[in-house]
Amino acid sequence: MVDSAHLITQRDRIPSARYYDEAFFACEKDQLWQHVWQLAARLDSIPNIGDWIEYRIFEKSVLVVNTKSGVKAFHNACRHRGARLGKDHGNCAKTGFICPFHGWRWDMEGENTFVYGRHMFAEDALDPQDLRLPEVRSEIWGGCLFINFDDAAPGYRETMGPILDRFDAHNASDLKTEWWFATELPANWKVAMEAFMEGFHTMKTHPQLQRAAPVIYNSMYGNDTGGLGLPIDPSMSVRENVASQIRHMELLSEGMAGMIHAKEVEIARSLADVDLPDDLQTGVMTWYGMFNAEVTRRLREAGEDVPDLNAVKVSHYVHPIEFLFPNFFLLPMASSMSSYRIRPLTAETCVFEIWSLTHFPKDSDHVSPRQPTVLPWDSKEFPPIPQQDYANIPEQQIGLHAGGFDFMRLGENIEGLIANYQKIIDGYLTGVPPEKRTAAIHQLCNNFDGPVLDFGF
């Protein structure tokens with residue numbers, strides 16, 4: 001039973017013990033993670049029949065397999081004495097899955113094909129249906145397989161709501177992995193996620209971005225930047241504004257790749273000297289329209305299945321950072337995207353993964369990585385933006401233990417996404433009906449930098 005002292009009772013205050021208390025973490029493990037949809041695999045990591053990859057969450061291990069009848073997920077344990085059948089990734093098209101303990105075998109569809117010492121077992125112990133590898137409930141969306149250990153939970157599309165339709169319009173299912181990094185952070189999984197639920201940390205954490213394009217950040221968060229960066233200059237010409245926008249794109253691409261891909265930055269540079277209206281707002285908006293149109297045209301000509309960016313930014317708008325409950329982010333800026341997945345390990349450690357996703361021509365020989373490049377959390381091999389974020393997260397985890405720090409204070413009109421998803425977690429821990437939780441999850445759509453919401457529970 002969850003300790004009521006750790007539940008949210010004031011909308012803009014999050015009790016600090018939620019980020020390190022072992023009993024609260026145990027409640028999350030049992031009452032949240034056993035009932036939510038979670039990204040188990042990107043499909044481009046298992047492109048061939050027989051390809052499989054292991055997904056781990058706490059003590060559970062799941063095999064995600066590309067079978068002749070579609071991608072499936074199986075509980076990863078021999079039906080004899082429970083040994084794990086597969087570790088990391090591989091291909092089972094020829095050999096199936098062979099238990100390393102006694103050599104029992106299963107094919108890619110989960111059917112048992114061999115029992116060593118069959119004569120030593122009772123007949124009812126070897127019933128073919130009972131020997132099948134149990135499937136884990138799964139659904140495909142956005143080029144990924146999601147799983148849920150709760151067979152009674154609402155479906156994935158029903159749970160996530162309209163945000164999926166918006167990403168469908170952006171051709172998210174066609175994206176492929178360019179690179180994939182992972183690290184273990186010395187922080188609670190929620191601390192790691194919340195670093196990406198508001199943008200006004202940019203001025204201090206990512207000052208290179210704010211200095212390159214202060215017009216973007218000052219217009220969103222006000223001119224009180226504490227001396228960091230430059231204020232908006234109303235006398236700045238349209239061309240100077242465009243130059244700062246392009247520099248901002250360059251830094252985003254260097255810092256994260258998928259947020260603005262290098263090929264999109266190259267297109268932006270080619271438009272640096274186009275003729276534009278003299279009016280500042282009209283001129284910059286015209287330039288962005290030209291940029292979107294050129295990205296669409298040139299990448300389609302290269303054979304990439306990109307959407308009409310100008311059209312979908314009107315009909316199916318997605319925020320540059322979108323959160324999909326409980327632990328998945330997509331960061332779309334133009335036609336490419338970055339993606340985050342954060343998985344809890346212990347009350348104060350988590351695995352943080354980053355994908356750079358982009359479109360490739362249909363005849364491309366691109367091969368997506370099968371496993372992430374695993375680095376220490378303070379490695380200088382990470383792109384610049386994760387390096388800066390990862391420097392903060394462990395420091396916050398330490399600070400949460402400070403005497404007298406009983407709760408985090410949130411800006412209720414700008415850090416609402418943090419309060420909102422935490423309130424939904426409370427909904428799982430306290431038994432709020434699934435339909436109410438699902439309705440609340442729908443409201444997280446476009447809630448980045450948004451207000452605290454009232455879910456009615």
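How many salt bridges does the structure hold?

1. The structure holds 25 salt bridges, a salt bridge being a side-chain nitrogen of Lys or Arg within 4 Å of a carboxyl oxygen of Asp or Glu. This is a predicted model, in which local features need pLDDT of at least 70 and side-chain atom pairs count only at pLDDT 80 or more, whereas totals for chains, interfaces and linings use all residues. Residues are numbered from 1 along each chain as its sequence is written, and side-chain values use heavy atoms, with hydrogens and water left out.

2. One of the salt bridges joins the side chains of aspartate 426 and arginine 18, at 2.6 Å from N to O. Because aspartate 426 lies in helix α14 (residues 416–429) and arginine 18 in the loop between β1 (13–15) and α1 (22–32), the pair ties together parts that are 408 residues apart in sequence. Helices (H or I, at least four residues) and strands (E, at least two) are DSSP runs, numbered from the N terminus. Both aspartate 426 and arginine 18 are buried, where buried means under 20% relative accessible area, exposed over 50%, and partly exposed in between (1.4 Å probe, protein chains only).

3. Glutamate 54 forms a salt bridge with arginine 84, with the closest N and O atoms 2.7 Å apart. Glutamate 54 belongs to strand β3 and arginine 84 to the loop between β5 (70–75) and β6 (89–91), so this pair ties together parts that are 30 residues apart in sequence. Glutamate 54 is buried, with a relative accessible area of 14%, while arginine 84 is partly exposed, at 32%.

4. Arginine 269 forms a salt bridge with glutamate 250, the closest N and O atoms being 2.8 Å apart. The pair links helix α10 (residues 262–270), which holds arginine 269, with helix α9 (residues 238–256), which holds glutamate 250, the two residues being 19 apart. Salt bridges that share partners join Arg247, Glu250, Glu266 and Arg269 into one network.

5. An open sheet of six strands runs in the order β13-β14-β15-β16-β12-β17, with mixed pairing; two strands pair if DSSP finds at least two bridges between them. The edge strands, β13 (322–324) and β17 (373–374), each pair on one side only. Within the sheet, β14 (residues 328–332) and β15 (residues 337–346) pair in the antiparallel sense over five bridges, and phenylalanine 329 stands opposite tyrosine 340 in β15.
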